[in-house]
Every structure is written in structure tokens, then in C-alpha cells.
Amino acid sequence: LGFYAAMHSTAVFRDVRVAAPAGGSKCGTRRGAVRTRAADSRSCRRSIQNTSEIVTVSADVSRFRRLGLAASTAFSAASFAAPALADDVVTAAMSAVDPATAGVGAAALAAAALAAFAWNSVGTGGGGPRPGTAPMLPGATPMSRGDGESDASKNRGYLIAPPPLFPLVPAFARQTYRYEVDRDKMWFFEQKQGIGLGLNVSVNVRMTVIKLKNGGLWVHAPVAPTEECISLLNDLGAPVEHIVLPTTLFEHKIFVGPFARRFPNAQTWIAPDQWSWPVNLPASFFGIFNAKVLGQETLKCWGDEFELELLQPPALGVASFVSFTECAFLHKPSKTLLVTDAVVYVSENVPDAIPDADLLESGDDNNFTIGALKFLNLFDIKTKARERTVSSDSMSLAEKLRLGWQRNALQALYFGPNNLLDPEASWGAVTNKLIVAPVVSTLVYENIPLEVTDWARRVGRWNFTRIVPCHFDAPIKAGPKEWTAAFGFLPSSRPEQGRKKNGNTYYPDEDMVLLRGVEDFLQGSGVIFTDELRPKYGRINVRAEE
């Protein structure tokens, strides 16, 4: 579960435009214009056609990133095993400091050993699209940037002291992009979030802000409250009245306390069954004070604008109190379904929060991850490398950027797909459709299928025309039919256990070898509970039994 939690923060992990705006840029051009109010030190939105300059910058940034990641990982290893909280600290370099740690991660130690037998058991074939599974949504989109607004004149510093084996990055600074979805009614705020350890796997994390009928702001899944983020939020000219934590997952929970302290007059709402491990401490230990728990009675505080449905399964693993709770919301005026990690829509759209330097590093055949795979010859990568007719060295800049995005997103979804060198087949199998991310389905939903099926059915009764997750593309043009189809793999995505449609599986089996190996190992070692081993005591388990 610790291994899942660490990797999960990089994956489930991003969501936005089903179709690019008319006239959207192609792969050979910069991904859209991002408005800035002051000159960005990176010259934030330069044309990618300036090849020599960007390649040089990429190499320099890559070296500094590795140093930063090494420092972040070392700092993480020194942090406390129990959760801890320090209030905001402003320094010349950092605008906020919020160390919060939760010592989970015994399973991570098994990852290397697991990879050896998991990857070596894989064939060389790539995973192609599986017709008859998750339905394709219209509009395969060109690689394009959005039109996010940022403010380089404001401080972006934010220092995170992550727990051991959970090195969230960026560790020192986070740029924020604001998008107006519905004029003067709904906005997205996005930042980069990923995992350290030199893996260079990152996706966007999204906060959604909705203006209520009374003029106040309702904030869903807060991101890091940097000076830039708070300034962009204050520019909306309305008071923050409600702050909502819709999940129990660490990578979303970590920012709620610091964010709420920036708006002391706002009411904070948290999903039930919050937990920490190894000591189960209250939410106040994480700096989340005076919070109310989400439930049906909450709705009267928001007028008649929302509905909510809670996924409250029994314990997932590790301990009797470790839960995977998520609250889905329907914003009735806009017919928008808001979720955290339930579903994703992955496309050629690269989030603004992921810089070109990251994509170029991921698209380099000599990067750290590819080098490690070659050293261990996982997925028989040496043979694939010899048979490959092209390399990143011979690619154009646009091709290398696209390859980098493919590798980045697929690692976030699968940990490791079958062919990271040439991932085109794996990419085609998961893009331009509404799906449950493989990492979530395998390590979470398939272990609590009845509860998830019931929750998805209840949410599917709502009248919505678009979906907003916290990662990848959004808003997704999809309704109850597409939402229900995304959960069609339950009770299991494994072909020998789950349901097949037209003889096809939900995910390419070749790409699922590592994830299923991780699941088998964690279940076999008791880290993830099976129905037989799940504790019958504890509040969340007694409730599930009832």
C-alpha cells in the first residue's frame, strides 16, 4: 500500500480538454500561449522552435533537477515516521513550509525484487486498443498547451517535507496556472505534482473553484497555497467560504491545513474516515482545525447547488483503519460531476504545469529510468532496443516532446508499461477514453468491488454532462453512460476473473504485468487485505459488514 501510495501521487492522475480549441496547435508548435503578468525567469512561454536554446536549457535544468531530487529524497528519509505539522514559515526563498509525514511504505522495499520476476515474465508484444471496452470519446486531440494564466511576479516557493519513501515533488517551488472554465462561475487551478527518486514522473494536480449563488467561493481539493496561487485566487474578487477535502489520500490532504489557514473565515469540510499510519491521529494533527465531516447534512450549507455521494469501503490494507474514501459531487447548475481519482481522460494534451524540460528528459532514451530498465533487462528491453529502428537522438524536438509525455503519463498510470522505449501501442490503448486509471483499479477498486460498483451506480443516477477529476484532462465531455462504462471491468480486470466484452479485456494484459505482480505480492504479504483477512473490527469495517 505504501508503494501504491507513493506512486499514486504521480498517476491518477490528470485530466482536461476532450477536444482542443479550434485552431489548436500541432505537435510542431508550442502548446498554446500562457498569459503572464511579468517576465518569467524561464521566459515561460517561448516557442519550442528555438531548438538549440531549449535543448541547452533542458540539459542544465535536468542536472539541477537531479540534484534537487536527490536533496528532496535525502530530506524525506530524515523526516519523522509519524505525521507531523509545522505552521507556515516564510523565508527569503520559500513562501510556505508545511512538513507533514505519514510513515507508510514497507511494501516499497519489495518493489525492486518484485520487478525482476514480474518484468522478466513479460512477452515483447505491445498492448493495442481493446475494442468493446471503455468507449472512445470523440476527438483525438493534437498535442497542445492550454491557456492557463500565471503570475511570475509572485513567489512560487513551497517547501514540502515528505514522509519516508513518499518524496512528493516539486519539493521547493510550484507554479500555478489558472483557467476560467465558465465565465465568472468556475475555475481550475493546476500545479505540477509527481514523485522524486529521479524517476521524473509528474502530472498535473487540479483544484476546482466554483462561485456559489451567494457570491462566495467553494474550493474543491486545494493545491499548495503559494503566494502566486493565493494571489490568483484573490483576483477573483470573491470570498472563499468553503474548503473541501474530498478524499483520504495523502497527496491531496497535505495542502488542506496550510490552505485553510490562509482563509480563516472559511469552513473546512473533510471526507470521513481520515487516517494516519502507524499511529492513527486526528485531522487536527495535520493542521486541519475546526473541520466538519462531509455527509448528506452538509448539502443544506451549500443551498440547493450540490449533491454528494460517498465511497466508504472497509479497510483496504495495512491496518483496520486505513481507508480509501472519496466523495463525488454534482454541481447541479453546471451539470458537472467532480471526483478526485475515480476516473481519468488521457490525451495528447500536455498540462501546462509539466515543463518542456521534464518532457525532454523523459523522451531521452538515455534517461535514468530507461537506463535502469536496460541494466536489469526488464521487459526484455535490450532486445527491444536492438530491434528499434529509431532513437530519441534522431527525433525532432516535437517528436521527442510527445514521446516524453507518453512515457510520463504511462508510468503514472501503470508504474511500468510493457514497452517504455516505444510506447505507441500502449498509448493508443488508454487515450481518448474515460477510464479508471490502472493503478487505482488494480490496487484499490478490485479489492473492494462491491462497494465501488454500488457507489458508481449511485453517482450514475445524476444528471451530468461533464466530469472534472483532479488529474489529466478536464472538463471531460461525458455523462452517466460513459461514467458507468468506465467501471465495466469490475469485479476484476484480470481476464480469468473479470467480465469480457467481445472477447477483449479492459486493459492490455501485457501492460498490467507489473501492477498485477505488485498486487499479488501485497496481498500475499498481507499488506492489502483480501476478504478473508480483512479485519472484522474497527469502525469502517463494522459499518461495511452492516
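**A loop asparagine and its surroundings**

Modeller: Let's start at Asn432, which is buried, its relative accessible area being 8%. For that label, buried is under 20% relative accessible area, exposed is over 50% and partly exposed lies in between, using a 1.4 Å probe and protein chains only. Bear in mind that this is a predicted model: local features need pLDDT of at least 70 and side-chain atom pairs count only at pLDDT 80 or more, while totals for chains, interfaces and linings use all residues. Residues are numbered from 1 along each chain as its sequence is written, and side-chain values use heavy atoms, with hydrogens and water left out.

Asn432 sits in the loop between H11 and strand S15 (434-435). Helices (H or I, at least four residues) and strands (E, at least two) are DSSP runs numbered from the N terminus.

Asn419 belongs to the loop between helix H10 (397-414) and helix H11 (424-430), and it is buried at 15% relative accessible area. Its side chain works on the local backbone: a polar atom there lies 3.2 Å from the backbone nitrogen of Leu421, and the side chain reaches the backbone nitrogen of Asp422 at 3.1 Å. A polar contact here is a pair of N or O atoms within 3.5 Å; within protein, one must be able to donate a hydrogen and the other to accept it, and residues adjacent in sequence count only if both atoms are side-chain atoms. Leaving out residues up to four places away in sequence, Asn419 touches Lys384 and Asp511, where contact means heavy atoms within 4.5 Å.

Ala221 has a positive phi of about 60 degrees although it isn't a glycine; you'll find Ala221 in the loop between strand S7 (217-220) and helix H4 (227-234), and it counts as buried because its relative accessibility is 2%. Then come the cis peptide bonds. Val169 to Pro170 is cis, with omega near 0 degrees, and Pro170 lies in the loop between strand S3 (168-169) and strand S4 (177-182). Leu490 and Pro491 are joined by a cis peptide bond too, with omega about 15 degrees; Pro491 is in the loop between helix H14 (480-486) and helix H15 (513-524).

H14 takes us to the packing around H13. Helix H13 (residues 449-459) buries Pro449, Val452, Trp455, Ala456, Arg458 and Val459. Those buried residues pack against strand S11 (306-311), strand S12 (326-331), strand S13 (336-338) and H14.

Now the rings. They pair if the centres of Phe, Tyr or Trp (its six-membered ring) lie within 6.5 Å, with planes under 30 degrees apart counted as stacked, over 60 as edge-to-face and the rest as tilted. By that rule the count is 17 aromatic pairs. Trp218 and Phe329 have ring centres 5.3 Å apart and planes at 80 degrees, so they're edge-to-face. That pair links distant parts of the chain, from Trp218 in strand S7 to Phe329 in strand S12, 111 residues apart. Trp218 is buried at 0% relative accessible area, and Phe329 is buried at 0%. For Trp455 and Trp483 the centres are 5.8 Å apart and the planes at 75 degrees, so that pair is edge-to-face. It links Trp455 in helix H13 to Trp483 in helix H14, 28 residues apart. Trp455 is buried at 0% relative accessible area, and Trp483 counts as buried at 0% relative accessibility. Ring pairs also join Trp218, Trp269, Trp302, Phe306 and Phe329 into a cluster.

Zooming out, the chain has 16 helices and 16 strands, and 60% of its 546 residues are buried. Of the contacts between residues at least 6 apart in sequence, 76% join residues at least 24 apart. Finally, cysteines: with a disulfide taken as a pair of cysteine sulfur atoms within 2.5 Å, the count comes to zero. Cys327 is buried at 0% relative accessibility, whereas Cys301 is partly exposed at 37%.
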